[in-house]
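Have the structure open and pick out each spot as it comes up.

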Amino acid sequence: MSLLSWRTRRVRSAVPRPFALPRRRKTAAAICASVLVVVSLAACGPDGGGTTASSSQSGVLTIGMTAGDVPNLDTILASSQGYEGYRFVGNSLYDGLTRFDLKQGTEIPKVVGGLATSWDIDKATNTWTFHLRSGVTFHDGTPFDADAVIFNFDRYLNTSAHQYNSAFAATAASSAAGIASYRKVDDSTVAITTRGPWSHLDSDLVFLYIASPTAVKAHPKDFSLHPVGTGPFVFSSLARGQQVTFTANPNYWGGAPKVDKLVLKAMPDVATRLAALRSGEVNWIEAPNPDDVAGLKKDGYQVLTNSYDHVWPWIFDLTHKPLDDPRVRRALNLAIDRQTMASTLLDGTAEPAAQLAPRANGAYRAANDTYSYNLTEARKLLAEAGVPNGFSMTVSYPTSGSGNMQPGPMNQQLQSDLARIGVRVQLKPIEWAAMLTSFSSGKIPDGADAINISLTFIQESIWSTLFAPGAPLNVGHYNDPAVGALLTQAQSEYDPTRRNALYAEIVKKIDEQSPWLVVVNDLNPRALAADVHGFVQPKSWFVDLTTVAVNPT
């Protein structure tokens with residue numbers, strides 16, 4: 001009997017069966033039944049296959065996202081579906097002053113110029129001067145210049161500006177937290193003054209996307225239905241709740257995309273994504289079911305993975321007993337079998353996480369690996385904390401969404417693991433967008449004892465956002481003055497190597513207190529049809545779609 005089949009039966013009564021990873025043979029039959037109205041039953045053969053791995057329309061890249069809805073098309077509000085919204089919508093339609101270098105997959109992506117080609121830092125005045133890219137136009141022909149930057153920053157930050165919107169301000173809070181003021185120097189130069197030393201402003205600015213002032217003025221209340229940026233793709237059409245279609249921007253300053261059209265489909269159900277890939281409805285899917293990876297490879301599909309800056313934790317509410325006791329939190333971390341989850345449940349599409357920092361983050365140091373699997377020590381710690389027979393707790397988790405991997409089965413395994421030390425976990429599923437709304441408000445949904453949510457430190461401001469006392473996303477109420485002091489020190493350190501050393505020190509101190517259940521780091525699996533060429537899988541949440549070509553044979 002496999003561990004997977006044992007685990008599925010063990011937790012069936014606690015969590016609805018549809019969240020269990022299906023066996024490979026059952027998946028094919030289920031897919032055939034579920035997609036009868038959209039594809040011919042003949043598309044499903046006895047092995048779940050149908051059309052060949054090369055069944056795409058020439059020049060059309062169609063992606064099955066994990067998102068439950070099409071991300072908002074208005075600049076930074078693309079995060080309505082998490083980082084997947086930035087990955088496919090934000091970065092397709094828009095540019096920021098800076099961006100990540102996503103054209104290689106061997107190194108952690110660095111911040112490089114976007115709509116700014118370079119910048120200077122005056123540490124004495126905390127002023128960053130950005131030199132803007134010349135010759136760039138928005139999709140509607142409006143020239144990009146310093147006035148466009150100021151217009152968009154006013155939209156995010158200036159409460160007196162007519163284009164200001166509180167929703168943008170709230171969403172931009174983390175990225176714009178360090179900005180004290182900004183001004184136009186001349187048509188091709190903008191100066192930003194920060195709130196004291198702010199060493200990571202360049203990474204903060206990546207998602208402060210710049211929209212066409214002309215288009216925003218023309219559609220002040222519904223710009224999301226008429227989005228215009230400078231990005232590699234141009235908005236074409238939207239079918240709400242289903243898909244959005246973009247066309248290539250032939251004049252893109254970074255080089256025109258190699259595909260003519262990009263179609264993004266909201267497909268939160270993993271079986272639906274698989275069926276769509278096999279039928280040829282899409283030629284790229286995010287987060288395939290790990291149990292289907294071998295079959296996909298056998299049938300000629302490309303399944304790509306790479307480490308990236310990804311964390312898949314439970315964040316404990318440290319105001320809830322007995323989670324206020326670090327011995328209890330450490331016991332929980334010692335009681336989970338990360339290796340089995342990564343190698344068996346997830347079929348090698350994830351790595352066990354032995355510390356807070358992912359391997360694809362500059363703060364990672366192998367010497368800081370803290371967590372292992374030790375049930376004896378876990379039980380000992382619970383006894384020392386006064387709960388030798390365990391306790392009950394609730395965990396809110398998303399049913400799908402950006403970076404959340406296979407949340408149902410993974411949380412079921414954690415539930416089963418913790419039962420071995422007497423900890424009774426009630427799992428509380430919630431739709432991804434609803435979780436994001438609650439989390440961004442600084443709350444754990446339903447007042448649960450913990451929240452399971454995929455996170456990252458790819459933007460350095462996130463360290464403070466998650467761990468500084470009273471920070472907006474510090475939903476677990478973590479508070480350590482020593483960590484706060486190190487965060488302040490890192491904010492003042494402009495050398496990235498020394499700054500990463502400070503973050504490594506922060507990781508070590510945080511892990512000593514175990515405020516999170518650190519579980520695995522995703523390897524970002526995605527499956528592509530055989531006729532999708534030129535894609536580079538970076539060590540990142542984000543992708544460069546300009547290099548991708550679709551050439552059916």
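Tyr83 is buried, and Trp541 is buried as well. Keep in mind that this is a predicted model. The protein chain holds 17 helices and 21 strands, and 58% of its 553 residues count as buried. Among contacts between residues at least 6 apart in sequence, 70% join residues at least 24 apart.

**Aromatic pairs**

- Across the whole structure, a search turns up 27 aromatic pairs.
- One of them joins Tyr83 and Trp541 in an edge-to-face arrangement, with 5.3 Å from centre to centre and 90 degrees between the planes.
- Tyr83 sits in helix H3 (residues 83-93) and Trp541 in the loop between strand E20 (532-533) and strand E21 (549-550), so this pair ties together parts that are 458 residues apart in sequence.
- Ring pairs also build a cluster whose members are Tyr83, Tyr86, Tyr94, Phe100, Phe207, Tyr209, Tyr308, Trp541 and Phe542.

**The largest pocket**

- The largest pocket has about 860 Å³ of space.
- Its lining counts 33 residues, of which Ser79, Thr171, Leu436, Ser440 and Leu473 are the closest to the pocket centre.
- Four helices each supply at least two lining residues: H3, H5 (166-171), H14 (432-440) and H15.
- The top contributor to this lining is H14, with six residues.

**Strand E18 and its partners**

- Strand E18 spans residues 516-522, and seven of its seven residues are buried.
- Strand E13 (residues 312-316) pairs with E18 in the antiparallel sense, over four bridges.
- To locate this pairing in the viewer, look for Trp312, which stands opposite Val520 in E18.
- E18 also pairs with strand E14 (residues 350-352), again in the antiparallel sense, over three bridges.
- Here Ala350 has Asp522 in E18 as its bridge partner.

**Phe457, a loop residue**

- Phe457 lies in the loop between strand E17 (450-452) and helix H15 (461-467).
- Is Phe457 buried or exposed? Its relative accessibility is 2%, under the 20% limit, so Phe457 counts as buried.
- Setting aside residues up to four places away in sequence, Phe457 touches Asp309, Val311, Leu356, Pro358, Asn361, Ile462, Trp463, Leu466, Phe467 and Trp516.
- The C-alpha atoms of Phe457 and Ala363 are 9.5 Å apart, although 94 residues separate the two along the chain.

**Asn249, another loop residue**

- Asn249 is found in the loop between strand E9 (243-248) and strand E10 (261-266).
- With a relative accessible area of 7%, below the 20% cut-off, Asn249 is therefore buried.
- Which backbone atom does the side chain of Asn249 reach? The Asn249 side chain reaches the backbone nitrogen of Asn251, at 3.0 Å.
- Beyond neighbours within four places in sequence, Asn249 is in contact with His139, Thr230, Gly231, Pro232, Phe233, Val234, Ala256 and Pro257.

Key
Residues are numbered from 1 along each chain as its sequence is written. This is a predicted model: local features need pLDDT of at least 70, side-chain atom pairs count only at pLDDT 80 or more; totals for chains, interfaces and linings use all residues. Side-chain values use heavy atoms; hydrogens and water are left out. Buried means under 20% relative accessible area, exposed over 50%, partly exposed in between (1.4 Å probe, protein chains only). A polar contact is a pair of N or O atoms within 3.5 Å; within protein, one must be able to donate a hydrogen and the other to accept it, and residues adjacent in sequence count only if both atoms are side-chain atoms. Contact means heavy atoms within 4.5 Å. Two strands pair if DSSP finds at least two bridges between them. Rings of Phe, Tyr and Trp (its six-membered ring) pair if their centres lie within 6.5 Å; planes under 30 degrees apart count as stacked, over 60 as edge-to-face and the rest as tilted. On a 1 Å grid over the protein atoms alone, a cavity is a set of points where a 1.4 Å probe fits but cannot get out, and a pocket is an open set with protein on both sides within 12 Å along at least five of seven lines; lining residues have an atom within 4 Å of a point. Grid points are joined across faces, edges and corners, and a volume is the space filled by probe spheres set on the points.
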